[in-house]
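Subject: Structure for your attention

Dear colleague,

Please find below the structure that I am handing over to you. My notes on what was found in it follow directly after.

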Amino acid sequence: MDKNAINIRYNEQGLIPAIIQDAKSGEVLMMAYMNNESLKKTIETGITHFWSRSRQELWQKGETSGNIQYVKEMFVDCDNDTLLIKVKQQGDACHTGNRSCFYKKIKEEKFKNDLIDAQEKSKILQDVYDTIMDRRKYPKDDSYTCYLFSKGCDKILKKVGEEASEVIIAAKNREAHEVIYEIADLIYHLMVLLVEQDIPLESIFDELEKRRKGTKE
């Protein structure tokens, strides 16, 4: 790589992160920082050199341990602020004696539980919509939802307008908890309107999906 042909973007400390990858297996071995001096040294010698932020000095990988990294290829990302260096690793890359510094696996159960929580929460809108549908079919005397349906479309539209105004006021006042509360009220009344208009909630999801795809094209 001709370093003069690329405008390397260092951070405020004059450093750039370098991801080190095994040239043969593709395994990510480690990540360290380089400055202009260590990058120049790496290019000149064909052996990785880095900048130690703790010791504030240049260091060669494997200089004392013998775990030298021989550079095979070097790349810079699209923003010119991260390096990818493919190497032939002699010995282990990690000071702990592990082949790679990335040997601590995060338990998959954590991601599964987070996914389940997100899926459960995403069902709330449908559950609220279904409850509103049920109130319309089977009215209850003490139900606010049934009261809205009994007053008709004009009353529902008035409430949608009122709640939208409340959202605006809360947002202008930058009261986060009020914004959350008022948006929840607005969404509820919008779903009452959907049921009154015989529009399934899925139609809104479909429309949002079209717009999401549109932003990618």
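In these notes, a residue is buried at under 20% relative accessible area, exposed at over 50% and partly exposed in between, with a 1.4 Å probe and protein chains only. This is a predicted model, in which local features need pLDDT of at least 70, side-chain atom pairs count only at pLDDT 80 or more, and totals for chains, interfaces and linings use all residues. Residues are numbered from 1 along each chain as its sequence is written, and side-chain values use heavy atoms, with hydrogens and water left out.

Aromatic rings

Three aromatic pairs are present in the structure. Rings of Phe, Tyr and Trp (its six-membered ring) pair if their centres lie within 6.5 Å; planes under 30 degrees apart count as stacked, over 60 as edge-to-face and the rest as tilted. Phenylalanine 50 and tryptophan 59 form a tilted pair, because their ring planes stand at 40°, with the centres 5.2 Å apart. Of these two residues, phenylalanine 50 is buried, at 0% relative accessibility, whereas tryptophan 59 is partly exposed, at 23%. Elsewhere, Tyr144, Tyr147 and Tyr188 are linked into a cluster by ring pairs.

Helix packing

Helices (H or I, at least four residues) and strands (E, at least two) are DSSP runs, numbered from the N terminus. Axes are lines fitted to C-alpha atoms, for helices over the stretch in contact, and angles run from 0 to 180 degrees between N-to-C directions. The axes of helix α4 (residues 144-151) and helix α6 (residues 176-196) cross at roughly 50° and come within 11 Å. The two helices are therefore oblique to each other (angles under 35 degrees count as roughly parallel, over 145 as roughly antiparallel, 65 to 115 as roughly perpendicular and the rest as oblique). The contact (heavy atoms within 4.5 Å) involves Tyr144, Thr145, Leu148 and Phe149 of α4, and Tyr188, His189, Val192, Val195 and Glu196 of α6.

Helix α3 (residues 124-137) also packs with α4, at an angle of about 60° and with the axes 9 Å apart, which makes α3 oblique to α4. Here Ile132, Arg135 and Arg136 of α3 meet Thr145, Cys146 and Phe149 of α4. The charged end of arginine 136 sits over the ring of phenylalanine 149, 5.9 Å from its centre (NZ of Lys or CZ of Arg within 6 Å of the ring centre and within 35 degrees of the ring normal).

Yours sincerely
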